[in-house]
Amino acid sequence: MKVLDRSDRKALLEELEREFGIDEIPQDLVLVEASEGKVRAVTREAYETAHRIGKVEALGLYVLKRTKFGLYLSVEGSQLFGPRLRRNVVELNAAQLERWASGQPIDISELGADPEASFVVARHGPLFAGSGKVSRDGKVHPQIPKERRTPVE
Amino acid sequence: MSRIPVSEDLLALLQSLPDVDVDLYLDAMTRPLPETFRVNTLKLPEEVIVSFLRERGWEVERISWARHAYRANRAEREELGATVPHLFGLIYIQGPISMVPVEALDPRPGERVLDLCAAPGSKSTQIAQLMENSGVLVANDASTERIRPLISNLQRWGVMNCVVTLKDGRYFGKRMRESFDRALCDVPCSSLGIVMKDWAAAKNYSHGITERVRVLQLSLLLSAYDATVPGGRVVYSTCTIHPLENEWVVSELLSRRSGARVLEFRPEGLKVRRPLEEWSGIRFDPEVAKCFKCYPYDNGGEGFFVALIEKGETR
């Protein structure tokens, strides 16, 4: 795992600003790049403890993933950055939240998402529900890990 | 009264325990646990989550002995683990009595806390919640199979101050002495307090299981104790009713670490019992009387044993 230094953080923040209007990454969090472009956020004290222990299995929270299409926020990443999101956020009603949670795609027009965006973050009132990929098939595909999806009836 | 298949050794154990009502114990093991859960204040305010649940038709009521804990009375019996609130990390499904050890530990924001046998993460997420993502939580487990669910549950719970390790629990007492303010030592056990979750535990139980596991339990408790700073606190807990895995382990710690003392802790609204003073010719340290246990039929939940131990200045 690689710790993001000041210039890495600046570049990441620029990307977050461009996609979601996020203008700040909490200074007290250490960001580490894990496998597959995933970035984890961890408190400084936990990071220092991990450094002391040496071999650890996981550290902090997976908050975002970099892909060739841009970056998207995990469910917990969307909840961490939720209050700072200014762009590409779509509001789900109760029925849409159920579909979203099961991983089913929802029409771009139904959500009012920007068709030019790569990813959007979904929310249902105060609950941020992770990101969806805006696809050329005219749908938003929720990026909910398979093991966290509700079963489809 | 329906019965579950029980091994001869378990029946002999039950009959040897002076405070157990065997019929009530066996009957309790046929009854499912109530649907209980904690709400995640790391993600949203408690009242917002409770409103969200009520909007979905859930009737919920507070549990008195654990913070942020509720019992669900739902009309629809969909599996709780497959619901939207669970999948987005707003609730954590946990047995009602299993929430007690962390309440006894009472971790605070800013502290260094060790969860020695952490998988699958119920108690780790409870600890993290009370720490409010401040300080550091080391969640360890020795099982490669169980470490994945631990990581995934900490993720779902939104925990940022955690380090997950895959180590023999005895590592911490040797290599990280006096490094933690508090430690939870919720050890592997014969699981005789949670047979309602897995009847095989009753059917397959043998005295040999306890003989093997109590040595490990003691070494894990010694490790947790040694990893804790003087003045720090350790909670030792099991979900079994066997005195050799409970009273004996704590008694042995007290004889091997002279600074250790047991503190009184009584969870609010829960029926608890005093531990045994002696069993099968073995007399336990009188301090053990300050621990508590509950049998599965006491509260309509799991059977548990909990010891809250303070580490003194001398060893």
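## Ground rules

This is a predicted model, where local features need pLDDT of at least 70, side-chain atom pairs count only at pLDDT 80 or more, and totals for chains, interfaces and linings use all residues. Residues are numbered from 1 along each chain as its sequence is written, while chains are lettered from A and ligands numbered from 1 in the order in which they are written.

## Chain A on its own

Chain A carries five helices and eleven strands; helices are DSSP runs of H or I with at least four residues, strands are E runs with at least two, and both are numbered from the N terminus. Its C-alpha trace spans about 50 × 35 × 30 Å along the principal axes.

For 153 residues, a compact globule would have a radius of gyration near 15 Å, and the 16 Å of chain A agrees with that. The radius is taken over C-alpha atoms, and the globule rule is 2.2 Å times the number of residues to the power 0.38.

## Where A meets B

Between the chains, 29 residues of chain A are in contact with 24 residues of chain B (C-beta atoms, placed from the backbone, within 7 Å). On the chain A side, α2(A) gives the most, with five residues. By class, that side has 18 nonpolar, five polar and six charged residues. Here Ala, Val, Leu, Ile, Met, Phe, Trp, Tyr, Cys and Pro count as nonpolar, Asp, Glu, Lys and Arg as charged, and the others, Gly among them, as polar.

A:Leu59 sits opposite B:Val163 in β7(B).

## A sheet in chain B

Chain B has an open four-stranded sheet with the order β2-β3-β1-β4 and antiparallel pairing. β2 (59-62) and β4 (91-93) are at the edges with a single partner strand each, so one side of each has no neighbour in the sheet. Further in, three bridges join β1 (residues 36-39) to β3 (residues 69-73) of chain B, with B:Phe37 partnered by B:Tyr70.

## A helix pair in chain B

The axes of α10 (residues 207-226) and α11 (residues 247-256) of chain B come within 10 Å and cross at roughly 45°. Axes are lines fitted to C-alpha atoms, for helices over the stretch in contact, with angles from 0 to 180 degrees between N-to-C directions. That makes α10(B) oblique to α11(B) (angles under 35 degrees are roughly parallel, over 145 roughly antiparallel, 65 to 115 roughly perpendicular, the rest oblique). Their contact has seven nonpolar, one polar and three charged residues.

How values were computed:
Two residues are in contact if their C-beta atoms, placed from the backbone, lie within 7 Å. Two strands pair if DSSP finds at least two bridges between them.
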